[in-house]
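Visitor: I am new to this structure and would like to ask about it piece by piece. Please show it first.

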Amino acid sequence: MNGWRAKLYRDDAVVLRGQKLGESDRIITLFTRRHGRIRAVAKGVRRTTSKFGARLEPFGHVDVQVAEGRSLHSVSQVEAIDLYGKRFIDDYPRYTTASAIAETAERLTPIEEEPALRLFLLTLGALRVLAEGLHTSSLVLDSYLLRAMALAGWAPALEECAVCGTEGQHRAFSVPAGGCVCQDCRPPGAAHPSPATLQLMAALATGDWPVADSSEAGPRREAAGLVAAHLQWHLERGLRSLPLVDRSSPKTSPTRGADENQRSTDGDLA
């Protein structure tokens with residue numbers, strides 16, 4: 001190997017997904033705090049005798065030691081910080097929501113090993129909120145998507161015209177134009193969402209959970225459609241996981257812990 005030695009580093013990471021490799025290994029996609037998105041081989045994790053296979057299941061927050069490789073890195077150690085996925089493995093709405101969040105995080109980090117701290121914190125916070133059941137899963141997803149798009153520079157205009165910048169609550173919404181548009185700038189085919197829908201989208205974008213949690217089913221469905229359309233317009237192809245998201249879960253109120261976490265740090269969605 002001409003004296004080449006692998007460089008080791010530690011980081012905390014969110015497990016986005018895993019792919020089978022050979023008979024007993026997996027390629028794990030990790031979103032790390034300081035090193036961005038990386039892929040690393042976890043050898044032997046599919047064996048029943050694996051010491052850390054369960055710690056590398058999707059949606060977990062882990063402390064990982066990585067050995068850099070010439071093509072793929074490898075996982076040499078991993079410790080669980082909080083395995084969020086275990087808390088909703090049997091909850092289809094929350095599991096599919098987490099899948100859409102993980103796919104979005106991966107799509108918004110196209111360059112491996114490029115740090116994206118704010119998106120990492122947002123992703124970690126969204127999974128934590130899902131695990132704790134603080135808000136309805138569909139609202140968590142749409143809030144995450146709106147904030148992730150804002151970090152990518154794709155935030156839809158909600159309180160001003162996307163074309164001319166005139167401030168105010170405009171009733172038309174055009175995905176190609178960039179969000180809400182005034183009467184003078186409204187292009188053909190623009191949608192006309194209800195005021196409650198636009199109010200909900202603004203609340204989700206800013207984390208106004210009292211408003212979001214009290215919203216009705218109709219505005220939630222309409223907002224979800226606009227958010228998905230806006231995201232897919234910018235990604236230029238849809239998320240595979242988004243059509244699988246179960247949005248039929250009933251309206252819920254935040255648990256007692258939600259109030260205590262409304263202003264917590266680490267980029268969460270509470």
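Visitor: Which residues does Asp142 touch, not counting residues up to four places away in sequence?

Guide: This is a predicted model, where local features need pLDDT of at least 70, side-chain atom pairs count only at pLDDT 80 or more, and totals for chains, interfaces and linings use all residues. Residues are numbered from 1 along each chain as its sequence is written, and side-chain values use heavy atoms, with hydrogens and water left out. Asp142 lies in helix α3, helices being DSSP runs of H or I with at least four residues and strands DSSP runs of E with at least two, numbered from the N terminus. With contact meaning heavy atoms within 4.5 Å, and residues up to four places away set aside, Asp142 touches Leu204, Ala224, Val227 and Arg247.

Visitor: Is Asp142 buried or exposed?

Guide: Buried means under 20% relative accessible area, exposed over 50%, and partly exposed in between, using a 1.4 Å probe and protein chains only. Asp142 has 3% relative accessibility, so it counts as buried.

Visitor: At what angle do α4 and α6 pack?

Guide: Axes are lines fitted to C-alpha atoms, for helices over the stretch in contact, and angles run from 0 to 180 degrees between N-to-C directions. Helix α4 covers residues 195-206 and helix α6 covers residues 217-235, with their axes 9 Å apart. The angle between α4 and α6 is about 65 degrees.

Visitor: How do the residues of the contact of α4 with α6 divide?

Guide: From α4 come Ala196, Thr197, Leu200 and Met201, which meet Pro219, Arg220, Glu222, Ala223, Leu226 and Val227 in α6. Ala, Val, Leu, Ile, Met, Phe, Trp, Tyr, Cys and Pro count as nonpolar, Asp, Glu, Lys and Arg as charged, and the others, Gly among them, as polar. The residues of this contact are seven nonpolar, one polar and two charged.

Visitor: In what order do the strands of the closed barrel run?

Guide: Two strands pair if DSSP finds at least two bridges between them. The barrel has five strands with mixed pairing, and the twist averages 45 degrees from one strand to the next. The order is β1-β2-β3-β5-β4.

Visitor: Over how many bridges do β3 and β5 pair?

Guide: Here the pairing is in the parallel sense. Val41 stands opposite Ser74 in β5. The number of bridges between β3 and β5 is two.

Visitor: How far apart are the C-alpha atoms of Gly69 and Leu8?

Guide: β4 and β5 form a hairpin with five residues between them, and Gly69 is found in the loop between these strands. Gly69 is partly exposed, with a relative accessible area of 24%. Gly69 and Leu8 are 61 residues apart along the chain, and their C-alpha atoms are separated by 9.7 Å.
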